[in-house]
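Hello,

Here is the structure I promised to pass on. Have a look at it first, and my notes follow below.

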Amino acid sequence: MKKKVLSIVLATAMMSTLLAGCGSDNAASSEAGSSAASSAASSAASSEAASSETAAAEPVTLKWAIWDQETTQYWTDIKEAYEASHEGVTIEMVDLGSTDYMTVLATELSGSGSDFDVVTIKDVPGYATLVQKNAILPLDDYIKADGVDLSKYAGATDQVTVDGSLYELPFRNDFWVLFYNKDLFDAKGVAYPTNDMTWEEYDALAREMTDTTFGSQIYGGHYHTWRSTIGLMGVLDGKHTILDGNYDFMKPYYEMVLAEEADGVVRKYSDLKTEGLHYSAAFSGGDVAMLNMGSWFIATMISNLNSGEYDSGLCGNWGIVKYPHAEGVEAGSTLGTITGLAVTTATDTPDAAWDFVKWVSGSEGAAVMASSGNFPAIMTDEVKDMIAGLDGFPTDEQSKEALTVSNLYLEVPYAPNVSEINSVLDSYHGSIMTGEMSVDEGIEAMNNEVQKILNQ
């Protein structure tokens, strides 16, 4: 019998992380390819029904913590596909809402009465909290017994391994690419961006595309106000992370972007903060040549162009290429954010809960995710073909090739004190970008304050 249900305690509102900040885009992505989702769900269900040897022998109900059920298509797609292929298993979704989801979840799991079997992990700081509270199980024995190939996750699982153990498997992976407006490049007679550009080449291209003429301005690039759009360019060499305690490697990227601001190549950070201009509004307005942004924006572009919310005459002819990289770094190296699943220590049915986690994070779940325009953690050839085949996805080969990631570096890798470090870096990022501090002063403050945290 399951343990008594613990009442959900609503937490005080707090600053959202990157994934929460992208929630509107994730919700919008559910609109793209919803009919394909049903097809993929049925296909995955039929395939799994024929081959699954792990379906529960007796009826079992798995209680699954999620957020934004009504606006996120893939939750229901996953539930229906899994239930169809696993006779006797019922997935009961519990929507905790997206606002402070991880805080509410940690509160829910902190008492002995919790009866969640599977929980969705929204961000790494929240993951760290659940590991430290012993609220979720290490999955190593299951992974070894079932021969799960972690290499399929492009290095993401290595970055959330805690003292040699893995407590979640990713099922969703959003990574950064470069969006561009083909019409603007065509009008100026400039060659499109490529899938192998250094940051220096990107900067030169953005400057070439810029027109500062009042009334007919074209911005060569655009950076949203998140720290990740600038400060994390330097982690793509695989040698640095935000946990280092020394952030001198960020200096050339801050200097590049501030110089672009000064020359009118991009909008100013301070103006974006004051006006509250969202990156989607900037790119869809038709005066931005290139935008570095996460793959979640692909589904938003498709959905909003198909619905008429975006003017196709301004931004309808678009494409993507791989994220730019430093000199000497492999093309396809990019920033990423993962969403994972974990088995709780409170569950009475850990084997059944693990089977669900494994399925959703595997190739069957990946196909279901891709059918609605979302990016699963495992990017198989089938998944890439499904995404590239969505009505509205760019038809050029470069855009399809951009879906292949060579190295995925998490914006926020695991550390027990990652939330504190993240907060410090965010704070001084704002100080640098508003001119309150120089680049050197801001980075020195980052170094000093994070060292204090690391030395605690």
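**What turned up**

D196 is partly exposed, because its relative accessibility is 48% (partly exposed lies between buried, under 20% relative accessible area, and exposed, over 50%, with a 1.4 Å probe and protein chains only). You will find D196 in the loop between α8 (182-188) and α9 (199-209); helices here are DSSP runs of H or I with at least four residues, numbered from the N terminus.

Before you read on, please note that this is a predicted model, in which local features need pLDDT of at least 70 and side-chain atom pairs count only at pLDDT 80 or more, while totals for chains, interfaces and linings use all residues. Residues are numbered from 1 along each chain as its sequence is written, and side-chain values use heavy atoms, leaving out hydrogens and water.

Now to the rings. The whole structure holds 29 aromatic pairs (Phe, Tyr or Trp rings, for Trp the six-membered one, with centres within 6.5 Å; planes under 30 degrees apart are stacked, over 60 edge-to-face, the rest tilted). W226 and W296 make an edge-to-face pair, at 6.2 Å centre to centre and 65 degrees between the planes. W226 sits in the loop between α9 and α10 (251-262) and W296 in helix α13 (residues 296-307), so this pair ties together parts 70 residues apart in sequence. Both W226 and W296 are buried.

Y247 and F249 form a tilted pair, because their ring centres are 6.3 Å apart and their planes stand at 50 degrees. Y247 and F249 are buried too.

Finally, ring pairs link a cluster whose members include W176, F179, W226 and W296.

Enjoy exploring!

Methods. Helices (H or I, at least four residues) and strands (E, at least two) are DSSP runs, numbered from the N terminus.
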